[in-house]
Amino acid sequence: MMQPHTQSSEHAVAPILHAKNLVKRFGRVTALDHCDFELYPGEILAVIGDNGAGKSTLIKAISGALVPDQGKVYLDGQEVRFTSPLDARKQGIETVYQQLAMSPALSIADNMFMGRELRKPGFMGQVLRQLDRPAMEAFAREKLNELGLMTIQNIRQPVETLSGGQRQGVAVARAAAFGSRVIILDEPTAALGVKESRRVLELISEVKARGIPIVLISHNMPHVFEVADRIHVHRLGKRLCVLNPADYTMSDAVAFMTGAKEPDVEAVGV
Amino acid sequence: MAKSDSNSPVHESSLGSAPDAVASFEDDRAGFIKKLQHTLHLNPSMVPLIVLLLSIAVFGLLLGTRFFSPFALTLILQQVQIVGIIAAAQSLIILTAGIDLSVGATMVLSSVVMGQFTFRYGIPVPISIVCGLLCGMLCGMISGLLVSRVRLPPFIVTLGMWQIVLATNFLYSKNETIRAQDIETQASLLQFFGTKITIGGAVFTYGVVFMVLLALVLAYALKHTAWGRHVYAVGDDKEAAELSGVKTGRIILSVYMLSGLICAFAGWALIGRLGSVSPTAGQLSNIESITAVVIGGISLFGGRGSILGTLYGALIVGVFTLGLRLMGADAQWTYLLIGVLIIGAVAVDQWIRRATV
């Protein structure tokens, strides 16, 4: 179902998500230092980098959670300016953040529909603005079943009663259910056990099979090399190089991202 | 998800034979206490309801029909109506993990605006009332903007607003009270909420009806509308709410404005209760409203609790106050017991919270 070893540097198509020259400073710390980024249609792009390299800042800058100080972001060739995650979501970009972005005391269904709730039709919905709980719960249940990630007994149970893996599952299901153009996953397997990680990786492949490109931020080299079509190596706030996982080993990638080894010219570029 | 065997790398090949249940959990918590803890966790307003019913029963047994009569029980409602309304406003703010120390001042200023606009400028009463309501909303809006846009802590903002609004109230009213007889003869609409409905021995006022309706409407809005869910989400974890697409700034602003408006309604109800417009009334409203909220089981850290709990909290205070007075006890006993209740309520809240996992 995937062609794992396409040579990505020969992209004839334009990138679907494209960032140029992004800069973000926090006081005296430069988290993004003139960073570029490209995501092509239908691919899984892994973003790797050491702690503090600025991966999460990059993801936040392209998903609207942070507004970059400089630089431009293009979606399908059109320049976009996201000032909130909601802007990005309206354009079909869904993000699973490392901190999961859920309200612990609210139910699974409430969380999945946070910010895009369904209202009942007719008087109850339009005038009394009543939520369509049954519809939202049915949808949430369907998506979680599709995902097969967990055995949720009660879709109304508060998220805080779920285990870490189950919460991750809900977050991924939310992104997969609503993301129509790009899905961004920040460390989706970091908190998970072996089997749960496997399910998330399968889900990633399924989403890709639907033709939706994915950005996967991860520390886990075996996972990255297993699913990624291209690997964006991030170091010191910018893109160091983009690797084809077929041409490099995991230890090469680790050496590049920690600065133990400099990439040769062919690896640089897109 | 049957593909897992074909896709997975060699070192995970044994996964296919591993049991399929992932992170499933069984509810092995036996025992009444655990079940109670879990139920209370899901229904946070049950604790104050139980305490309320128990305290009514105890005072009823001790005092007999002196306490357990329609008249005495509805008297409690009348005595808590102002605090009940203010506490509803306070609940909204506390649900967003804020606190409003200016509720009492906002209430009094609004009532003074209603009275003075009518009597000093001769403005028709309905318009004066609308101006008073707008005044309360404006006070809430100022606090809301400072909290949501300037990002100052709610405690500081409303501590400042308390002083500002209260001083404005004294400066503007020149510390004058408008007498009850004048209002009754010239502007009886100001005393609207004091209108009594008598059913048998039970006496209700419009203010009491308003308090109950307000609690029901807010309970509906919080539970069944997107706005309500967002209020909880903001109080629960503001950053997470923002990332999941809630416009947190707008929600916070709307909550402070609504709360200011409710305080203004409390100001109107205050005229009904006192008969007069007094700039020195309602000095204890801040602390009384926070007491009702805490006894009602709303977490001061935000995002947990229900508005009906607050109503029960206000009623518990009313029951204790009247019950102890009828028993002839020193009024200090009331404060002492309310202090115990506050600490008890928070302790129970912490205990319930541990039912989380």
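A quick word on the ground rules. This is a predicted model, with local features needing pLDDT of at least 70 and side-chain atom pairs counting only at pLDDT 80 or more, while totals for chains, interfaces and linings use all residues. Residues are numbered from 1 along each chain as its sequence is written, and chains are lettered from A, with ligands numbered from 1, in the order in which they are written.

**The sheet in chain A**

Chain A has an open sheet of 6 strands, in the order S6-S7-S8-S3-S9-S10, with mixed pairing. Strand S6 (93-96) and strand S10 (238-243) of chain A are at the edges with a single partner strand each, so one side of each has no neighbour in the sheet. From one strand to the next, the twist averages 20 degrees. Some terms: helices (H or I, at least four residues) and strands (E, at least two) are DSSP runs, numbered from the N terminus, and two strands pair if DSSP finds at least two bridges between them.

Inside the sheet, strand S3 (residues 44-49) and strand S9 (residues 230-235) of chain A pair in the parallel sense over 5 bridges. Across that pairing, Leu45(A) stands opposite Arg230(A) in S9(A). Helix H9 (residues 250-258) of chain A packs on the sheet and touches S3, S9 and S10 of chain A, and its direction makes about 30 degrees with that of S9(A). Helix H1 (residues 55-63) of chain A lies across S3, S6, strand S7 (182-186), strand S8 (214-217) and S9 of chain A, at about 150 degrees to S7(A). Contact here is between residues whose C-beta atoms, placed from the backbone, lie within 7 Å; axes are lines fitted to C-alpha atoms, for helices over the stretch in contact, and angles run from 0 to 180 degrees between N-to-C directions.

Chain A also has antiparallel pairings. Strand S1 (residues 17-26) pairs with strand S4 (residues 70-75) of chain A over 5 bridges in the antiparallel sense, and Lys20(A) has Lys72(A) in S4(A) as its bridge partner. S4(A) also pairs with strand S5 (residues 78-80) of chain A, antiparallel over 3 bridges. In the hairpin of S4(A) and S5(A), with 2 residues between the strands, Asp76(A) takes a positive phi near 50 degrees.

**Helices and core**

Over in chain B, helix H4 (residues 70-95) and helix H14 (residues 307-326) pack at about 140 degrees, with their axes 8 Å apart. H4(B) and H14(B) are therefore oblique to each other (angles under 35 degrees count as roughly parallel, over 145 as roughly antiparallel, 65 to 115 as roughly perpendicular and the rest as oblique). Residues making the contact include Ala72(B) and Leu75(B) of H4(B) and Gly313(B) and Ala314(B) of H14(B).

The largest nonpolar core has 174 residues, of which Val215(A), Leu216(A), Ile86(B), Ala266(B) and Ile316(B) touch the most other members. Such a core is a set of buried Ala, Val, Leu, Ile, Met, Phe, Trp, Tyr and Cys residues joined through C-beta atoms within 7 Å. Its largest share, 16 residues, comes from helix H12 (residues 248-274) of chain B. Leaving aside neighbours within four places in sequence, Ala266(B) is in contact with Ile82(B), Ile85(B), Ile86(B) and Met107(B).

Helix H10 (residues 226-236) of chain B is mostly covered, with 10 of its 11 residues buried. Its buried residues pack against helix H3 (108-112) of chain A together with H4, helix H9 (206-224), helix H11 (238-243) and H12 of chain B.

**Single residues**

A residue is buried if 20 or more other C-beta atoms lie within 10 Å of its own, exposed if 12 or fewer, and partly exposed in between, with C-beta atoms placed from the backbone.

| Residue | C-beta neighbours inside 10 Å | Class |
|---|---|---|
| Ile129(B) | 26 neighbours | buried |
| Ala97(B) | 19 neighbours | partly exposed |
| Asn175(B) | 11 neighbours | exposed |

Leu52(B) and Val317(B) are 265 residues apart in sequence and 9.0 Å apart in space, C-alpha to C-alpha. Asn175(B), in the loop between helix H7 (154-173) and helix H8 (180-186) of chain B, has a positive phi of about 60 degrees although it is not a glycine.

Technical notes:
Contact = placed C-beta atoms within 7 Å.
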